[in-house]
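Trainee: I have a model open and some questions about packing. Can we go through them?

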Amino acid sequence: MDIPEELREDEVLIKVKYASICGTDLHIYQWNEWAQNRIKTPQIGGHEFSGEVIKVGKNVKLVEVGDFVSAETHIPCTRCKMCRTGNMHICLNMEILGVDRDGIFAEYARVPEVVLWKNDPSLPQHMASVQEPLGNAVYTVTSGDVSGKSVLITGAGPIGVMAVQVAKALGAGPIIVSEVKDFRLDLAKKNGADYLVNPAVEDAYSKIMDITQHEGVDAVLEMSGNESAFNLGMKSVIPGGHISILGLFDKNVSLDINAGVFKNITMYGITGRKMFETWYKLSSLLNTKKIDLDKIITDVIPFENWQEGFDKMEEGKCGKVVLEI
Ligand code: NAD
């Protein structure tokens, strides 16, 4: 690929080293209804990466040529009410890297300074690529108190499994994981889950109630985007507990709202990562080795074999898949 000539004054040119595959990339690859309505072709996809700065625009101050960086993928306008009140992650004019503008599945990528994150040079580069989804897990786990509390994580995809490690590092327990795929139940176990439940083959609610002395879990982290998993969480949460919802649902879900009202629960919707509070938290967890991403990254594949990575994601026989460029 030619090195892009144009660079805006607030942009940085990056030589991409590692790029990981997100569920959103899979949706674009499958060209589902959401992708057809949202993506304007031709466009380069991908948004999770690590790489080296090779050129900086004239107003850039945060990084220099040679720096090892990753980036937040939600690009805020910095001028709207949300941005000006410390809520850049829910900017009213948000653009997403690799969705609304060219992304990073390429040798070189242009990224605005406002979203850049300077990596600790000692952080392995393939791990640095998956900090963005790790941030989803960190933001969800830290949205309510989990220390010394029982936690149910519904869905053990890459982010659910990251949440297991994060919750454990922050002192949660017992950690119960509900998942329907054997590979991922096994992955959750390897990443520190205390109990596994498979709602496809057993009475998950009874098992969760037995584990929690028939009280229910203090916190539910919804990470599946599946209606029955969400309802299992609603049923299993203890009165006064909380449910944090990261999962994205492809249709409206029916919800027993009165049950939630009478139990006095708190419900959090989670989008992206707090900028940049979540990044500092995840960086601290990573750099102090309280979490080990090598237990979650199951595949590092040469970029030319990208199809293999997308196939694995479709099958669900993987944790995080990283492409080496
Ligand atoms: P993933 O699709 O890889 O994982 C979801 C897991 O849920 C799968 O392993 C699947 O087998 C499991 N599952 C399906 N039905 C289930 C059920 N009934 N009970 C228990 N588990 C069930 O997704 P991921 O990449 O780990 O992301 C987790 C979720 O978060 C997805 O819904 C994704 O779309 C969403 N997401 C949201 C944000 C955000 O900003 N809110 C960002 C990234 C991802």
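Trainee: In which crossing does H5 pass H6, left-handed or right-handed?
Mentor: This is a predicted model. Take H5 as residues 131-141 and H6 as residues 158-169. The crossing of H5 past H6 is right-handed.

Trainee: Which residues of H6 make the contact with H5?
Mentor: Look at both sides. H5 brings Pro-133, Leu-134, Asn-136, Ala-137, Val-138 and Val-141. On H6 the contact is made by Ile-159, Met-162, Ala-163, Val-166 and Ala-167.

Trainee: How many residues of that contact of H5 with H6 are nonpolar?
Mentor: Sort the contact residues by class. None is charged, and one is polar. The nonpolar residues number ten.

Trainee: Now the domains. What area do domain 1 and domain 2 bury between them?
Mentor: The domain assignment gives domain 1 as 11-130 + 296-324 and domain 2 as 137-269. Their C-alpha centres are 28 Å apart. Ten residues of domain 1 touch ten of domain 2. Carbon and sulfur atoms hold 69% of the buried area, which totals about 830 Å².

Trainee: Which residues of domain 1 lose the most area to domain 2?
Mentor: Three residues stand out. Together they account for 50% of what the domain 1 side buries. They are Ile-296, Gly-316 and Cys-318.

Technical notes: Residues are numbered from 1 along each chain as its sequence is written. This is a predicted model: local features need pLDDT of at least 70, side-chain atom pairs count only at pLDDT 80 or more; totals for chains, interfaces and linings use all residues. Side-chain values use heavy atoms; hydrogens and water are left out. Axes are lines fitted to C-alpha atoms, for helices over the stretch in contact, and angles run from 0 to 180 degrees between N-to-C directions. Helices (H or I, at least four residues) and strands (E, at least two) are DSSP runs, numbered from the N terminus. A crossing is left-handed if the near helix is turned anticlockwise from the far one by less than a right angle, and right-handed if clockwise. Contact means heavy atoms within 4.5 Å. Ala, Val, Leu, Ile, Met, Phe, Trp, Tyr, Cys and Pro count as nonpolar, Asp, Glu, Lys and Arg as charged, and the others, Gly among them, as polar. Domain bounds come from an automatic or database domain assignment. Buried area is the accessible area (1.4 Å probe) that two parts lose on being put together, summed over both.
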